[in-house]
Number of protein chains: 2
Amino acid sequence: MKLYDWHMAPNPRRLHMFLHEKNIKVDLVEVGGPDLKLLPDYKALYPHAMVPMLELDDGTHIGEVVAICRFFDELNPDMPLFGKGTKERAQITMWENRANEEGMLAASELFRNTHPAFADRGLPGAHVAIPQLAELCIRAKARLDRFFAKLEAQLSENRFVAGSQFSMADITAFCAIEFAKWSEVVPPEEHTDLHRWYRGINQRPSAKA
Amino acid sequence: MKLYDWHMAPNPRRLHMFLHEKNIKVDLVEVGGPDLKLLPDYKALYPHAMVPMLELDDGTHIGEVVAICRFFDELNPDMPLFGKGTKERAQITMWENRANEEGMLAASELFRNTHPAFADRGLPGAHVAIPQLAELCIRAKARLDRFFAKLEAQLSENRFVAGSQFSMADITAFCAIEFAKWSEVVPPEEHTDLHRWYRGINQRPSAKA
């Protein structure tokens with residue numbers, strides 16, 4: 001197996017945290033170029049042009065970070081990061097999906113529509129020019145504010161994002177906050193439960209993976 | 001258990017197709033109002049203000065359609081719609097996620113930023129006014145074109161979206177195409193394998209559920 005990686009990018013970071021928590025080692029192939037673009041050879045190999053991507057020994061390509069994480073979680077059932085039992089798994093899936101759609105995607109929208117290196121790359125995985133939309137940034141910031149408020153409400157009643165156990169939902173929520181920082185957006189100080197949780201996650205060795 | 005539903009909406013449709021395929025019956029509570037808005041009582045009960053949402057007998061709320069579908073797939077393991085075996089499940093998760101992010105979310109972006117009934121509701125689940133962005137529609141159409149091209153490439157080599165078996169990935173991809181139609185966007189005629197697949201899915205009784 002080989003994992004095609006752009007080590008600094010936000011979705012690979014979700015996977016690296018996951019793998020570190022599970023103590024799984026995979027051979028990595030770095031495909032991010034010095035110009036903040038994916039290497040052309042990688043885009044030819046995997047036209048979806050996104051990272052991370054896992055190549056199995058039979059040549060099968062598994063993309064989409066959540067699919068790769070679930071794959072490894074099944075193969076390594078100790079300390080499942082998608083939960084134990086049907087109800088807990090549903091709550092983790094719900095919060096992981098929410099953290100992705102309302103956190104990661106909003107942070108991505110903000111970053112890609114402002115950073116000069118992403119001019120004409122307003123969307124991930126595109127092979128044609130997608131102009132940046134300055135207006136979209138206002139909306140993306142509103143989405144992030146709402147995401148932070150949801151996390152605060154949840155974390156005022158729960159130790160972790162999906163309940164009492166650390167899970168994939170914490171990883172995705174944490175990486176979304178880290179990604180938002182790239183655009184200088186941070187959760188408000190008054191979200192004290194969010195910050196208590198954030199400090200705890202940030203101290204885990206996997207946060208540096 | 002009770003399922004809060006807005007029967008005509010795209011994400012509930014994914015769930016209804018899934019439940020019909022699995023022959024699962026759940027008590028439904030309709031929460032869509034005549035003004036194309038969620039009923040205020042529902043928004044008070046579930047401030048995420050999205051549908052569908054499953055309320056368990058202990059009062060737990062499970063939102064996010066993919067979490068609800070996985071919950072029922074686990075409880076009813078006959079004919080699993082998220083796959084058998086680790087590799088097949090990874091491929092289904094990958095394509096289901098892709099169909100959601102590149103299909104459903106693009107169709108949603110297009111519809112919400114054009115339809116007059118959604119003025120000031122440019123994002124789902126918002127409690128504040130989110131103005132429509134006309135410029136975003138051009139990008140959303142480009143996203144849908146790319147999604148259709150990906151489906152065509154995949155379906156030229158596979159009977160179903162994630163391979164040889166019907167799965168949740170077919171349901172999400174089909175519902176994304178149906179949702180795009182609301183904005184009068186349809187896959188190009190030359191995508192013959194996509195249309196062959198579409199006709200097959202459209203003939204399943206679940207497509208009318």
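Guide: Gladly! A residue is buried if 20 or more other C-beta atoms, placed from the backbone, lie within 10 Å of its own, exposed if 12 or fewer do, and partly exposed in between. Helices (H or I, at least four residues) and strands (E, at least two) are DSSP runs numbered from the N terminus. The model is predicted, and local features need pLDDT of at least 70, side-chain atom pairs count only at pLDDT 80 or more, and totals for chains, interfaces and linings use all residues. Residues are numbered from 1 along each chain as its sequence is written, and chains are lettered from A and ligands numbered from 1 in the order in which they are written.

Visitor: Why are H1(A) and H3(A) called roughly parallel?

Guide: Helix H1 (residues 10–22) and helix H3 (residues 65–75) of chain A pack at about 10°, with axes 9 Å apart. Axes are lines fitted to C-alpha atoms, for helices over the stretch in contact, and angles run from 0 to 180 degrees between N-to-C directions. Under 35 degrees counts as roughly parallel, over 145 as roughly antiparallel, 65 to 115 as roughly perpendicular and the rest as oblique. The two helices are therefore roughly parallel. On the H1(A) side the contact is made by A:Asn11, A:Arg14, A:Leu15, A:Phe18, A:Leu19 and A:Lys22, and on the H3(A) side by A:Val65, A:Ile68, A:Cys69 and A:Phe72. Residues are in contact when their C-beta atoms, placed from the backbone, lie within 7 Å.

Visitor: How many residues of that contact are nonpolar, polar or charged?

Guide: Seven are nonpolar, one is polar and two are charged. The classes are Ala, Val, Leu, Ile, Met, Phe, Trp, Tyr, Cys and Pro as nonpolar, Asp, Glu, Lys and Arg as charged, and the others, Gly among them, as polar.

Visitor: And what is the relation between H5(A) and H7(A)?

Guide: The axes of H5(A) and helix H7 (residues 192–202) of chain A come within 7 Å and cross at roughly 85°. They are therefore roughly perpendicular. A:Phe148, A:Leu151, A:Glu152 and A:Leu155 of H5(A) meet A:Asp193, A:Leu194 and A:Trp197 of H7(A). By class, five residues are nonpolar, none is polar and two are charged.

Visitor: Is A:Arg139 buried or exposed?

Guide: This residue of helix H5 of chain A has 21 other C-beta atoms within 10 Å, so A:Arg139 is buried. Leaving out residues up to four places away in sequence, A:Arg139 touches B:Gly122, B:Leu123 and B:Ile130.

Visitor: Which elements of chain A give two or more residues to the side that touches chain B?

Guide: The contact takes 29 residues from chain A and 28 from chain B. On the chain A side, strand E4 (61–63), H3, helix H4 (86–112) and helix H5 (134–155) each give two or more. H4(A) gives the most, with nine residues. That side divides into 13 nonpolar, seven polar and nine charged residues.

Visitor: Which strands of the chain A sheet are edge strands, and why?

Guide: Two strands pair if DSSP finds at least two bridges between them. The open sheet has the order E2-E1-E3-E4 (chain A), with mixed pairing. Strand E2 (27–30) and E4 of chain A each pair on one side only, and they are the edge strands. Four bridges join strand E1 (residues 2–5) of chain A to E2(A), and the two run parallel. One bridge partner in E2(A) is A:Asp27, facing A:Lys2.

Visitor: Is A:Asp27 buried or exposed?

Guide: A:Asp27 has 9 C-beta neighbours inside 10 Å and therefore counts as exposed. Apart from residues up to four places away in sequence, A:Asp27 touches A:Met1, A:Lys2 and A:Leu3.

Visitor: Which members of the largest nonpolar core touch the most other members?

Guide: A nonpolar core is a set of buried Ala, Val, Leu, Ile, Met, Phe, Trp, Tyr and Cys residues joined through C-beta atoms within 7 Å. Of the 114 residues in the largest one, A:Ile68, A:Ala107, A:Ala176, B:Ile68, B:Ala107 and B:Ala176 touch the most other members. Leaving aside neighbours within four places in sequence, B:Ala107 is in contact with B:Leu144, B:Ala176, B:Phe179 and B:Ala180.

Terms used. Two residues are in contact if their C-beta atoms, placed from the backbone, lie within 7 Å.
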